[in-house]
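The following note sets out numbered remarks for a colleague who wishes to examine the model alongside its sequence. Each remark may be read on its own.

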Amino acid sequence: MEQKQIKPLIAGNWKMNGVSQTAQELAQGLAAHYANHENPNFDLLICPPFTLLSTVVDIVKESGVAVGGQDCHVSVNGAHTGDISAEMLADIGCDYVILGHSERRQDHFETSELVADKAAAAHAAGLKTIICVGETEAEREAGKAIDVVHEQLTDSLPSSLSAENTVIAYEPVWAIGTGKSATPDDILEIHQAIRKKLAQFASDSTEIRILYGGSVKPENADEILKIQDVNGALVGGASLSVADFWAIAESCD
Ligand code: PGA
């Protein structure tokens, strides 16, 4: 089924990068590009570290650029030292939160069940979620990529899921930050499998945006964003440069 009428989302995941000055330069540069772009055919989102969210929200607020967090807690508030709740993100003007990124699954032992609980909390707070899935290199070599992604989806999606509040990001772990992106055929195969699987969980599944992530850069963005059922990109390293991130976004035009 052709999905290309879905408005693409280009999302930048700054990860643990940036201090006030670099964040201001990046946010100002992107806000100016986006605000000056006539009728952009894509949504633009940036996800800085928690410490920079307020600064970035203030800078981009008139531009149409959205801002998101990179994680949230399942609870609204309470004794959880070092954590941030979805309400807190919504309160300072965030629209989105990234959940279940492979770096959090690896570094913080986050399970898919926890991701589903966080997503439910985020939806209750009025945030949109970007739920990440993706196989490791060993899983791909063992021919298990689709099975792994199916299982992660089944366990990570909350019952509150809809096209309005959820974006899926397919990020093969072996392609993140390595310079090796998946081939167009591999991306197509997994994105189609995700689209099909989503039908079990949401009545508006054909409208859910499915992003590709993993070494997206200006040189490969055009080819990747043209693939059927690819409705945008989740960009790490290249989102730390205004020129590179904007060039990726403009590939949607
Ligand atoms: P990358 O990261 O673009 O640096 O590969 C993508 C991501 O982890 O979201």
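**Remarks on the predicted model**

1. L188 belongs to helix 8. The model under discussion is a predicted one. With a relative accessible area of 27%, L188 is partly exposed. Leaving aside neighbours within four places in sequence, L188 is in contact with I227 and Q228. The C-alpha atoms of L188 and Y212 are separated by 9.9 Å, the two residues being 24 residues apart along the chain.

2. Helix 8, residues 184-198, packs against helix 7, residues 145-156, at an angle of about 35°, and the two axes are 10 Å apart. The crossing of helix 7 past helix 8 is right-handed. On the side of helix 7 the contact involves A145, I146, V149, H150, L153 and T154, which meet E189, I190, A193, I194 and K197 of helix 8. Sorted by class, this contact of helix 7 with helix 8 has 7 nonpolar, 2 polar and 2 charged residues.

3. S205 is located in the loop that runs between helix 8 and strand 7 (209-213). Is S205 buried or exposed? S205 counts as buried because its relative accessibility is 6%, and the cut-off for that class is under 20%. Apart from neighbours within four places in sequence, S205 is in contact with R195, L198 and A199.

4. Helix 1 contributes E25, L26, G29, L30, H33 and Y34 to the contact, and helix 10 contributes V242, F245 and W246. The contact of helix 1 with helix 10 has 6 nonpolar, 2 polar and 1 charged residues by class.

5. Which side chain is joined to that of H37 by a polar contact of 2.7 Å? The partner is D253. H37 itself is placed in the loop between helix 1 and strand 2 (43-47). With a relative accessible area of 16%, H37 is buried. Leaving aside neighbours within four places in sequence, the contacts of H37 are with F42, W246, E250 and D253. W246 is also among the residues of helix 10 that take part in the contact with helix 1.

6. Most residues other than glycine have a negative phi. N39 is not a glycine, yet it has a positive phi of about 50°. D229, likewise a residue other than glycine, has a positive phi near 70°. N39 lies in the loop between helix 1 and strand 2, whereas D229 is in the loop between helix 9 and strand 8 (232-235).

7. L225 is found in helix 9, which spans residues 218-225. Its relative accessible area is 12%, so L225 is buried. In sequence L225 and C252 are 27 residues apart, and in space their C-alpha atoms are 6.9 Å apart.

8. From the side chain of E171, an N or O atom is 2.6 Å from an oxygen atom of the ligand. In the case of S215 a backbone N or O atom is involved, lying 2.7 Å from an oxygen atom of the ligand. A polar backbone atom of G236 is 2.8 Å from an oxygen atom of the ligand.

How values were computed
Residues numbered from 1 in each chain as written. Predicted model: local features only at pLDDT ≥ 70, side-chain atom pairs only at ≥ 80, totals over all residues. Heavy atoms only, no water. Helix = DSSP H or I, 4+ residues; strand = E, 2+ residues; numbered from the N terminus. Buried < 20%, exposed > 50% of the residue type's maximum accessible area, 1.4 Å probe, protein only. Contact = heavy atoms within 4.5 Å. Nonpolar A, V, L, I, M, F, W, Y, C, P; charged D, E, K, R; others polar. Polar contact = N/O pair within 3.5 Å; in protein donor to acceptor, adjacent residues only side chain to side chain. Axes fitted to C-alpha atoms, helices over the stretch in contact; angles between N-to-C directions. Left-handed = near helix turned anticlockwise from the far one by under 90°.
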